[in-house]
Amino acid sequence: MRKVRRLCRRHLTFTTAVAIACIQQQRLAHIDVRKQLALPHLQAYKVGMDTQTTPPPDDDGDLLAATPTLDAASCYRAVTARDTRFDGVFFTAVKTTGIYCRPVCSAKTPAASSCTFFTSAAQAENAGFRPCLRCRPELAPYALQQNLAYAVWQKICAGALNHASLDELAVEVGLSSRQLRRVLLQHFGVAPVELAQTQRLLLAKQLLTETTLPVTEIAFAAGFGSLRRFNDLFQTRYKLAPSQLRVRQRAPKADAQGITLKLAFRPPFNWPGMLDYFFSRRLHSVAVVDQSSYRRSVLLNGHSGWLAVQHDGKGNFLTLQFSTSLLPVLPLLLTRVREQFDLDANPELIRHDLHLPGRRAETVIAFARFAQAGGLQPPAGQDLASTLAQLQSLPGIGAWSANYIALRALRYPDAFPSGDLVLQKALGRILQMDDEEKRPSAKQLEKHAQRWQPWRGYAALALWHSMPLIQQAPGTEET
Ligand SMILES: [Zn+2]
């Protein structure tokens with residue numbers, strides 16, 4: 001309830017606040033959500049691109065794919081507050097020191113005038129900045145997004161460009177390599193090869209810092225083709241020899257029980273809830289789940305081994321322990337674990353299902369009443385229209401809230417809150433109605449959105465995402 005009040009203070013209506021608060025409470029059951037979404041979201045993206053009516057000014061004009069604009073004032077506010085919600089969403093580069101940081105860095109907040117903000121670590125490095133040794137940008141959770149660029153980026157993080165060419169990756173995601181370059185440039189500000197290089201360097205940096213593995217093994221595990229190539233790039237980018245970083249960070253003693261790495265997340269993170277979830281779904285032959293850990297055997301691309309995941313209760317990270325036999329597939333392993341434990345989810349942007357016990361009711365009273373009314377558990381397979389009708393029969397739930405909940409909480413891919421002011425403004429931009437007063441009405445937006453069926457939900461996410469960060473908070477004229 002406190003959360004609802006806090007959200008209300010942020011100029012949101014009470015209903016909106018309840019919707020968001022309940023969404024933020026519902027992190028734990030979303031573990032398998034992304035896998036289900038993987039294909040449709042590529043599909044939806046393409047639908048979004050293909051069906052735009054406004055002809056783009058040239059080939060580079062797909063506005064649905066536009067990168068979110070970083071608004072310096074909002075970013076700086078997040079840095080000042082060390083706001084964990086923005087961890088991994090952007091990076092702060094400090095001109096006076098040449099270093100870039102996560103928004104959660106515990107170092108003294110730099111002056112606003114010396115800060116530049118980047119959406120990716122690769123972009124900061126491309127501009128000549130080095131990663132901070134204190135907040136360690138390599139730990140930042142990824143900024144989970146519903147778009148093709150993110151899906152491609154995730155493949156690159158998993159090592160797609162370590163063993164295959166850009167052309168092969170392009171074929172895999174159904175684009176030409178030129179389109180692939182363009183999409184990544186739009187979203188991350190750098191070329192695919194830059195993304196891959198930064199990813200390898202940051203993984204190597206983490207391994208140097210947290211393990212006592214020999215440097216040669218680290219270079220190959222991080223995805224470099226040769227030790228010399230690794231040493232050169234590391235020295236050029238970070239102005240350090242790999243061994244220097246190691247000494248500075250006093251790496252812990254090698255563990256005979258395998259390799260241990262930190263995997264950061266954005267709080268809140270319901271670890272007991274997640275273990276419950278895996279406990280109820282474990283395959284006895286491969287996984288053991290107890291009160292504090294998740295362990296399983298692994299077979300990845302022909303490499304077999306084991307892993308264990310724990311949370312020691314302190315700090316916003318899980319501890320991953322794995323057998324050295326899995327080092328050759330490390331980038332893929334890390335991606336899979338991040339995905340399984342939903343580490344890149346952002347409470348502000350979460351999609352989730354509500355097939356959960358009533359535990360959620362403990363924290364948000366308003367939401368509990370709502371849930372008890374039976375409004376949030378539509379029978380499996382119930383169609384969107386019936387669910388919307390059911391939601392709207394509840395007091396205080398209008399069309400916007402119903403669609404918003406159907407989209408963000410119940411994962412109906414075709415839910416579309418056309419009453420949303422930000423969506424209206426975003427479409428206004430696409431239609432080049434530069435006067436805000438002339439933004440399309442809910443009806444016009446609804447009509448325009450018909451072409452995005454049955455994936456209007458993804459179009460909504462893409463539209464929200466096309467707007468500057470400061471305007472991304474949902475807003476509504478509830479009817
Ligand atoms: Zn820092």
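This report walks through the fold, sheets, helix packing and cores of a predicted model.

## Ground rules

Numbering starts from 1 along each chain, following the sequence as written. Since the model is predicted, local features need pLDDT of at least 70 and side-chain atom pairs count only at pLDDT 80 or more, while totals for chains, interfaces and linings use all residues.

## The overall picture

The chain has 21 helices and nine strands; these are DSSP runs numbered from the N terminus, with helices being H or I of at least four residues and strands being E of at least two. Of its 479 residues, 41% are buried (20 or more other C-beta atoms within 10 Å of the residue's own; exposed is 12 or fewer, partly exposed is in between, and C-beta atoms are placed from the backbone).

Take contacts between residues at least 6 apart in sequence: 67% of them link residues at least 24 apart. Two residues are in contact here if their C-beta atoms, placed from the backbone, lie within 7 Å.

Strand β1 (residues 91-94) runs antiparallel to β3, with four bridges joining the two. Thr 92 has Phe 117 of β3 as its bridge partner, and Val 94 has Cys 115. Val 94 also bridges to Ile 99 in β2, as part of the three antiparallel bridges between β1 and strand β2 (residues 99-101).

## The five-stranded sheet

The other open sheet to look at is antiparallel, in the order β5-β9-β8-β7-β6. β5 (259-264) and β6 (287-289) sit at the edges with a single partner strand each, so one side of each has no neighbour in the sheet. From one strand to the next, the twist averages 20 degrees.

Inside this sheet, strand β8 (residues 303-310) and strand β9 (residues 317-322) pair antiparallel over four bridges. Gln 310 faces Thr 319 of β9.

## Where α10 meets α12

The axes of helix α10 (residues 192-210) and helix α12 (residues 227-238) come within 11 Å and cross at roughly 90 degrees. Axes are lines fitted to C-alpha atoms, for helices over the stretch in contact, and angles run from 0 to 180 degrees between N-to-C directions. The two helices are therefore roughly perpendicular (65 to 115 degrees; under 35 is roughly parallel, over 145 roughly antiparallel, and the rest oblique).

On the α10 side the contact uses Gln 197, Leu 201 and Ala 204, and on the α12 side Phe 230, Leu 233, Phe 234 and Arg 237.

## Two nonpolar cores

A nonpolar core is a set of buried Ala, Val, Leu, Ile, Met, Phe, Trp, Tyr and Cys residues joined through C-beta atoms within 7 Å. The largest has 73 residues, and those touching the most other members are Phe 91, Tyr 100, Ile 156, Leu 195, Ala 204 and Ala 222. Helix α10 gives the most to this core, eight residues. Beyond its neighbours within four places in sequence, Ala 222 contacts Arg 200, Leu 203, Ala 204 and Leu 207.

A second, separate core of 27 residues includes Ile 405, Phe 416, Ala 426 and Ile 430. Ala 426 and Ile 430 are also among the buried residues of helix α19 (residues 421-430), including Val 422 and Leu 427. Just after α19, Gln 432 takes a positive phi of about 55 degrees.

How values were computed: Two strands pair if DSSP finds at least two bridges between them.
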